[in-house]
Amino acid sequence: MNIRTVSFGHTDAVKLNDRVQREYAERYGDEGDITPLDPTMFDPPVGIYLIAYDENGTALATGGWRRQEANGHGYADGDAEIKRMYVTPEARGLGLARRILASLESDARAAGRTRMVLETGTEQPEAIALYESSGYAPCDKFGYYRDSDLSRCYAKALVP
């Protein structure tokens, strides 16, 4: 596997985002995650977007982080928010999510971020299991879905 930094607007990123949106829509019975995202939110040094490719150049997994600071949406100064963690069904079980998560944490730490935060949902038990087994703990809700009963928010300190 080869993990590459790409733009959130990259063709492969758009295709994987479309796939994860369809999965969200199926799991939650709605239109998917409508959190407003701009591709520049993931441009270094304020974030990063990663895609894992197999030896044939097929995009299999993705994830990014974007900078957040204290605001009315529940974020704190120093936050790095994970967005669009996704592994295609055919690549699940290969450890790609853990590899991308570790890379995101490392990059955010190097960028001076002090806490990694993420929002997931009750209909994604495998995501919840991944984050909890990776040292994330439930935290006060934040972000676009902070008032939803289906939302679960997690945080992990990024220790230097």
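Me: How much space lies in the largest pocket, and what makes this feature a pocket rather than a cavity?
Reply: In this predicted model, the largest pocket holds about 770 Å³ of space. A cavity is a set of points from which a 1.4 Å probe cannot get out, whereas a pocket is an open set, so the term pocket marks the space as open. Its lining comprises 36 residues, and those closest to the centre are Y24, M85, T120, Q124 and A127.

Me: Which elements contribute two or more residues to that lining, and which gives the most?
Reply: The contributing elements are α1 (11-28), β4 (79-87), α2 (96-110), β5 (115-121) and α3 (125-133). The most comes from β4, with 6 residues. By class, the lining of the largest pocket has 18 nonpolar, 8 polar and 10 charged residues.

Me: Which residues line the second largest pocket?
Reply: The lining consists of T35, P36, M41, R66, Q68, H73, Y75, G143, Y144 and R146. About 150 Å³ of space lies in this second largest pocket.

Me: How many cavities of 30 Å³ or more are counted, and what is the volume of the largest cavity?
Reply: The count comes to 1 cavity of 30 Å³ or more. The largest cavity has a volume of about 40 Å³, which is above that threshold. Its lining is made up of D33, T35, E81, K83, E119, F142, G143, Y144 and Y145. These comprise 3 nonpolar, 2 polar and 4 charged residues.

Me: Why are β1 and β6 called edge strands?
Reply: The sheet is open and mixed, with 7 strands in the order β1-β2-β3-β4-β5-β7-β6. β1 (2-5) and β6 (137-138) each have a single partner strand, so one side of each is without a neighbour in the sheet.

Me: What makes β6 and β7 count as a pair?
Reply: Pairing requires at least two bridges, and β6 and β7 (residues 151-157) have 2 bridges in the antiparallel sense.

Me: What makes β3 a mostly covered strand, and how is β3 paired with β2 and with β4?
Reply: A residue is buried when its relative accessible area is under 20%, and 9 of the 10 residues of β3 are buried. β3 pairs in the antiparallel sense with β2 over 7 bridges and, likewise antiparallel, with β4 over 7 bridges. A61 of β3 is the bridge partner of A52, and A61 also stands opposite V87 in β4. β2 and β3 form a hairpin with 5 residues between them. In the turn, G57 has a positive phi of about 85 degrees.

Me: What kind of peptide bond joins P44 and P45?
Reply: Most peptide bonds are trans. The bond joining P44 and P45 is cis, with omega at about 10 degrees. P45 lies in the loop between α1 and β2.

Me: Why is L37 called partly exposed, and with which residues is L37 in contact?
Reply: Partly exposed covers values between the 20% limit for buried and the 50% limit for exposed; L37 has 21% relative accessibility and therefore belongs to that class. L37 is found in the loop between α1 and β2. Leaving aside neighbours within four places in sequence, L37 contacts F8, F42, R66, K83 and R84.

Methods: Residues are numbered from 1 along each chain as its sequence is written. This is a predicted model: local features need pLDDT of at least 70, side-chain atom pairs count only at pLDDT 80 or more; totals for chains, interfaces and linings use all residues. Side-chain values use heavy atoms; hydrogens and water are left out. On a 1 Å grid over the protein atoms alone, a cavity is a set of points where a 1.4 Å probe fits but cannot get out, and a pocket is an open set with protein on both sides within 12 Å along at least five of seven lines; lining residues have an atom within 4 Å of a point. Grid points are joined across faces, edges and corners, and a volume is the space filled by probe spheres set on the points. Helices (H or I, at least four residues) and strands (E, at least two) are DSSP runs, numbered from the N terminus. Ala, Val, Leu, Ile, Met, Phe, Trp, Tyr, Cys and Pro count as nonpolar, Asp, Glu, Lys and Arg as charged, and the others, Gly among them, as polar. Buried means under 20% relative accessible area, exposed over 50%, partly exposed in between (1.4 Å probe, protein chains only). Contact means heavy atoms within 4.5 Å.
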